[in-house]
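Colleague: I would like a close look at one part of this model, and then an account of what surrounds it. Please keep it plain.

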Amino acid sequence: MKPMKPWKALVGAILGAVSLCAQAQYPNKPIRMVVTFPTGGAPDILARIFSEKTTLGQAVVVDNKPGAGGNIGAEIVAKAPGDGYTIVMATVGTHSINGALYSKMPYDMVKDFTPIGLIASTPNLLVVNNNLPVKTVPELITYMKANPNKLSFGSPGIGSSIHVSGELFKSTTGTQMTHVPYKGRQFALPDLLGGSIQLMFDNMPSALPLVKEGKLRALGQTGAKRSPSAPDVPTIAEQGLPGFEATAWFALFAPAGTPKEVVARLQGEMQRIYKLPDVQDRLKTLGLDPVLGTAEELAKYQAAEIAKWAKVVKDSGARAD
Amino acid sequence: MDAFNTLMANLSLGFATAFTLQNLVYCFVGCLLGTLIGVLPGIGPIATIAMLLPATYALPPIAALIMLAGIYYGAQYGGSTTAILVNLPGESSSVVTMLDGYQMARKGRAGAALSVAALGSFIAGCFGTLILAAFAAPLAELAFKFGPAEYFSLMVLGLIGAVVLASGSLIKAIGMIILGLLLGLVGTDVNTGTARFSFGIPELSDGIGFISVAMGVFGFAEIITNVDMKDKRETFTNKVEGLILSWKDFKEAAPAILRGTGIGSLLGILPGGGALLAAFASYTIEKKLGKNPQPPFGQGNIRGVAGPESANNAGAQTSFIPLLTLGIPPNAVMALMVGAMTIHNIQPGPQVMTSNPALFWGMIASMWIGNLMLVILNLPLIGMWVQLLKVPYRILYPAILMFCCIGVFSVNNNSFDVLITVLFGVLGIVFLKLGCEAAPLLLGFILGPMMEENLRRAMLLSRGDPTVFLTRPLSLVMLLMALAMIVIISLPAISKKREETFVEE
């Protein structure tokens, strides 16, 4: 090893000291956690749990910036400095589906961000109107093949995980049905219960009670494994469609260029908070399955999700902009 | 008898929950805060709840929901107070109250107008609560009879009703409705995901906010034009007396209250502009009933206050039915309640009734208590609310504008919404100068997108067959009613009479 020039060593030492100092101090002001959806939804609740339980020594301020499928909030974080003081509660939409859906994305889902970690995911539940004469996924496929494009499925809008689950089902099984978008899943429900539309890949927490009440019939769940919230409902993959997976997930991302130490600090705090027993209980009642992966796992998972949804969205011809 | 016993058992559980000191206090605080904010012109229940929602995060779930219900009723009643005394609607559904309420105030009968509004609201509230308790489950089934085709036809009927109801020039009313429809088109198309008229502005891709439009054209425009024409503005803050209704007033108002309650209870269950449509519908019916009303409608007829006020409160009450039984919020206020419930880990829906009966019935009981509090606490407090309106304009108006901005900002935490509101304020001033009514614009703005959505959804479901609107009986009936309205209004005799009715505004 060549001896370092004295001035270089000095500069190095000073820089090192400065960055050490900065590390020791992080966080030294409140952290802003942007939620890309309005108050009350799963991403909002996850963010508020973080804010409530944090022991970072600084407040974590939850900032709801809804709109444009989450792109408005995600863009704010993409353009924020990578110092760990602005982070985003990302969703499957803002960090994978939207990339295929919007022709002009205001940010790059990968290059503009530093992954922190995947918090939780929730499968969707394939529910059908009680009058539909099918009880399992294979029966549904047979029925759909015998009656091409007779069925309609609802969703809370183009590009939602509920919509793309249906598109994935169509392309995987080679069946046909009409997509009927609504402005929110709650507006689709009366039509599903009344039979105007016959099926929906609804969010697990909202669909399960209706299934338990006997108002809708559950045919399968869209996760790779059965969710602990609904251990009795088989996955779609189990029912002759191996590899079928369509989940809504929630993860933390920081802007690109955020220092490793800061990411590690946030990742550690995330692991600690969402493993608290009372938090685990809350996640369970919300139908969210904790994942709590590392930053590297999130990067890999995100890449796979982007590839999968790009194909499904392209095949379906869906667009939003 | 069995059903009756169950109902009584449920209600007594509810009252046992609500009648704890703590919950009564929260209910009262909610009513008080709700009225305090709601009485400020331009700030309706949506903005009020949005502003006060954070205050309930720390409370236990039952207390929080009880307080929110209190805020809701308080804000609604506060809105009526402002409508009557200042001629400013605190919310869209008090637009109708304004028509006759303000005229009553001008004639020195502000006290009677306020009393009848409170009394009507209370009676409608009691009735609505009973309906909610007794028929929650079966009534929710009614909503299933409505598919997209029925909704479309209902909205056609609503819009045509709005034209018939509009005062002044028919052409201007139609123009304003169409402008409202056009404004409603801004945003991402639900069916194709294409952005329309958003001009590349990301905030516009979700459409123009209802609150921005409402606050702009009503709140901002009103306040600013009033600064301009100071002597024309009359605020009846010194003349609030005679809160006790005369026997004659009572006899006249009672049937209107009952009719309003009935209409409101029915329309409140339907998703969409339940309370608003209810108020409009009730006003139309009152106007059509009885010949030669004295004084005429639009000039301070007590029935014009009693009917719509009862209807919107009954509607507000029964709009909890789809929320509590199905988890479906029928309007923006209920959507906020969903948000509040989720924050407290309660997923609204049919399971609430069975898994958390204390909460469900406690909330229903607290609605009734909230309504009672409005009458026995808020009516005597009217002097205090009036004091609020007595604050000099140079202080009150900027303060109101600021509150409006806070309200608008708090909905999405977005300053862009505030800018849009200001823009609509300017537009509203132009409308006022041109003598164009803003109410039809607002109705077109709300109903337009819903109508388009349901039209296209119905067509999507029928795979492109337009006869679906005529082959479904409920839809056909509503379309025929709309047609009948057009025929009636275009009859020469009627259209002449209509002009006479609206000549004195």
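In which loop of chain A does A:L292 lie?

Modeller: This is a predicted model. A:L292 lies in the loop between strand 10, residues 289–290, and helix 11 of chain A. Its phi is near 50°, which is a positive value in a residue other than glycine. A:L292 has 16 C-beta neighbours inside 10 Å, so it counts as partly exposed; a residue needs 20 or more to be buried, and 12 or fewer to be exposed.

The loop leads on to helix 11, so that helix is the next thing to look at. Helix 11 of chain A covers residues 295–316. Two other helices of chain A can be followed against it, helix 4 and helix 6.

Take helix 4 to begin with. Helix 4 of chain A consists of residues 93–101, and its axis comes within 8 Å of that of helix 11, with a crossing of roughly 30°. Angles under 35 degrees count as roughly parallel, and therefore helix 4 and helix 11 of chain A are roughly parallel to each other. Their crossing is right-handed. On the side of helix 4, the residues that meet helix 11 are A:H95, A:S96, A:I97, A:G99, A:A100 and A:L101. On the side of helix 11 of chain A, the partners are A:Q302, A:E305, A:I306, A:W309, A:A310, A:V313 and A:K314. Sorted by class, this contact of helix 4 with helix 11 of chain A has seven nonpolar, four polar and two charged residues.

Now helix 6. Helix 6 of chain A runs over residues 161–173, and its axis and that of helix 11 of chain A come within 9 Å and cross at roughly 80°. That angle makes helix 6 of chain A roughly perpendicular to helix 11 of chain A, because the range for that word is 65 to 115 degrees. Here A:V164, A:E167, A:L168 and A:S171 of helix 6 meet A:W309, A:V312, A:V313, A:D315 and A:S316 of helix 11 in chain A. The residues of this contact between helix 6 and helix 11 of chain A divide into five nonpolar, two polar and two charged. A:W309 and A:V313 are listed in the contact with helix 4, and A:W309 and A:V313 are listed again in the contact with helix 6.

A:G223 is in the loop between strand 8, residues 216–221, and strand 9, residues 247–255, of chain A. With 22 other C-beta atoms within 10 Å, A:G223 is buried. Leaving aside neighbours within four places in sequence, A:G223 is in contact with A:P123, A:T235, A:E245 and A:T247. The C-alpha atoms of A:G223 and A:I236 are separated by 7.8 Å, and these two residues are 13 apart along the chain.

As a whole, chain A comes to eleven helices and ten strands. Buried residues make up 52% of its 321 residues. Of the contacts in chain A between residues at least 6 apart in sequence, 78% join residues at least 24 apart.

Chain B has 23 helices and two strands, and 55% of its 505 residues count as buried. A positive phi turns up there as well: that of B:R463 is about 55°, although B:R463 is not a glycine. B:R463 is found in the loop between helix 20, residues 439–461, and helix 21, residues 468–471, of chain B. B:R463 is exposed, with 11 other C-beta atoms within 10 Å.

B:N191 sits between strand 1, residues 187–188, and strand 2, residues 195–196, of chain B. With neighbours within four places in sequence left aside, B:N191 is in contact with A:P181 and B:R456. B:N191 is partly exposed, with 17 other C-beta atoms within 10 Å.

Definitions and conventions: Residues are numbered from 1 along each chain as its sequence is written. Chains are lettered from A and ligands numbered from 1 in the order in which they are written. This is a predicted model: local features need pLDDT of at least 70, side-chain atom pairs count only at pLDDT 80 or more; totals for chains, interfaces and linings use all residues. Helices (H or I, at least four residues) and strands (E, at least two) are DSSP runs, numbered from the N terminus. Two residues are in contact if their C-beta atoms, placed from the backbone, lie within 7 Å. Axes are lines fitted to C-alpha atoms, for helices over the stretch in contact, and angles run from 0 to 180 degrees between N-to-C directions. Angles under 35 degrees count as roughly parallel, over 145 as roughly antiparallel, 65 to 115 as roughly perpendicular and the rest as oblique. A crossing is left-handed if the near helix is turned anticlockwise from the far one by less than a right angle, and right-handed if clockwise. Ala, Val, Leu, Ile, Met, Phe, Trp, Tyr, Cys and Pro count as nonpolar, Asp, Glu, Lys and Arg as charged, and the others, Gly among them, as polar.
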